[in-house]
2 protein chains.
Amino acid sequence: MAIGIKISLNEGLYQRDPQETTLGQKIIKNSILLIDEIGLEAFTFKKLAQKMGSTEASVYRYFENKHMLLLYLVSWYWEWVSYLIDFNTMNIEDPVRRLRIIIKTLVSAQKENPAIDYVNESVLHRIIIAEGSKAYHIKAVDEENNKDFFFNYIQLTKKVAQVILEIKSDFPYPRALASNLFEMANNHIYFAEHLPRLTDVHVNDEDFSEVEQMLEFFAFSLLKCQKS
Amino acid sequence: MAIGIKISLNEGLYQRDPQETTLGQKIIKNSILLIDEIGLEAFTFKKLAQKMGSTEASVYRYFENKHMLLLYLVSWYWEWVSYLIDFNTMNIEDPVRRLRIIIKTLVSAQKENPAIDYVNESVLHRIIIAEGSKAYHIKAVDEENNKDFFFNYIQLTKKVAQVILEIKSDFPYPRALASNLFEMANNHIYFAEHLPRLTDVHVNDEDFSEVEQMLEFFAFSLLKCQKS
DNA sequence: TCTTAATAATAGCAATACTATCATAGATAA
DNA sequence: TTATCTATGATAGTATTGCTATTATTAAGA
């Protein structure tokens, strides 16, 4: 794993690029910890500033509001997963093996060696699981989609859909299967931990292997091919 | 469709039962319309009271806060879907046909003849699609789950999981498939309308037949059996 | 050394998320 | 019938949220 990757994100997501400054990095680092700790609803820029030893006004210079900060974190996460997928599937020809690696990466991204010291990938993963879908379940979804604010998620879907089509070129729902794998990966980790009667899998600590198995089962059953 | 069904919900969801009084019914009716209109984030009890010609304090006598109101609406919706499924699958023996009817009901519940005059089922359906998952993506999920606040969703999952097991008794993920069908039904209607590159299906107006087809394809491919 | 840019410190304001009190109108019970 | 009880309305008040604005200070660059 390379040190010092810069995750490249839509510039419209922030007012000032948080990756460029120490304060920006502190905002990212502490917002991840604080959202995880108290939840998105209770999270405010004032509390964040207090935790960081900075001020509300300074946080507002980086992000327009907490929704944009969430969108930034979500985009960061999916871009990072996308990077991991590229890295882990490099030089692998067989699309079936590529899809298996994609699924593994989806559920265990947080276990990779941390790439960037101001992002706790494991905690960020929890946030994506618990709050991620709130980033696009908003009234202004069309407007923000026009500004390409969901670019990273959509690109990743496209990438995985292409692998699916390599496996079975006439599969009728490649993008739906791809996005569903992402949603299921997160939902069923959440269900296993909080609403266990909505799923059949179990997780303990950070062992998500049952989720991985289930996603493989779903994907390869639909693609009517054996895991190789 | 019977007139005057009373949807029975966990009493912990409300302070005073809104189904019992005119004001309560007005709160349900207008909150559905207002959340749909301005979105959950912008929705407040003050705005609701203004729209209704009542007061903030009166609304608080029915619901502790807007989260509980959302949870009430979501529970109401799933209980109603559950009722429709029971009604529509009555006297049908073949579990494969039952599952097809369940899927149809999931995507087109809002088209059934309205059962209750103070609930606009079509608008409520839009709210569930756009905001429904926020009902359980909250910090207090475990606490609320202990109070059985997600009872209706969990029961419905159980019911559908049983049908799945009737089709294929050794299917390893009956509850996960059931809950995934619900999530997909809502997500892909939302995606088709707002983030079309995350799906392969299209919807126009209230024609969700492509979503229905896709869910059938997913379910029956996984269950490795033909639609009958 | 001068200038600029970034941050801190502080204030302020409108809206939100409630809680409390009191008045009143309608239904119910004595 | 009167008394009372209950639901709602009317009003007020408080702490917090979600910002914006102003000024001071500090660090970095020219």
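**Charged pairs and chain contacts**

Analyst: A:E166 is partly exposed, with a relative accessible area of 45%; buried means under 20% relative accessible area, exposed over 50%, and partly exposed in between (1.4 Å probe, protein chains only). This is a predicted model, in which local features need pLDDT of at least 70, side-chain atom pairs count only at pLDDT 80 or more, and totals for chains, interfaces and linings use all residues. Residues are numbered from 1 along each chain as its sequence is written, chains are lettered from A and ligands numbered from 1 in the order in which they are written, and side-chain values use heavy atoms, with hydrogens and water left out.

User: Which residue forms a salt bridge with A:E166?

Analyst: The partner is A:R98, and the closest N and O atoms are 3.0 Å apart. A salt bridge here is a side-chain nitrogen of Lys or Arg within 4 Å of a carboxyl oxygen of Asp or Glu. A:R98 is buried at 16% relative accessible area.

User: Where do A:E166 and A:R98 lie?

Analyst: A:E166 lies in helix α8 and A:R98 in helix α5 (residues 95-108) of chain A, so the pair ties together parts that are 68 residues apart in sequence. Helices (H or I, at least four residues) and strands (E, at least two) are DSSP runs, numbered from the N terminus.

User: How many salt bridges are there over all chains?

Analyst: The search of the whole structure finds 22. Among them, A:D86 and A:K159 meet at 2.9 Å, N to O. That pair links helix α4 (residues 66-89) with helix α8 (residues 151-167) of chain A, 73 residues apart.

User: Is B:K134 buried or exposed?

Analyst: B:K134 is buried, with a relative accessible area of 7%. Its salt-bridge partner is B:E131, with the closest N and O atoms 2.5 Å apart, and B:E131 is buried too, at 6%. In chain A, the residues A:E41, A:E131 and A:K134 are linked in a network of salt bridges.

User: What is A:N180 in contact with?

Analyst: Leaving aside neighbours within four places in sequence, A:N180 is in contact (heavy atoms within 4.5 Å) with B:N180, B:M184 and B:F218. A:N180 sits in helix α9 (residues 174-194) of chain A and is buried at 5%.
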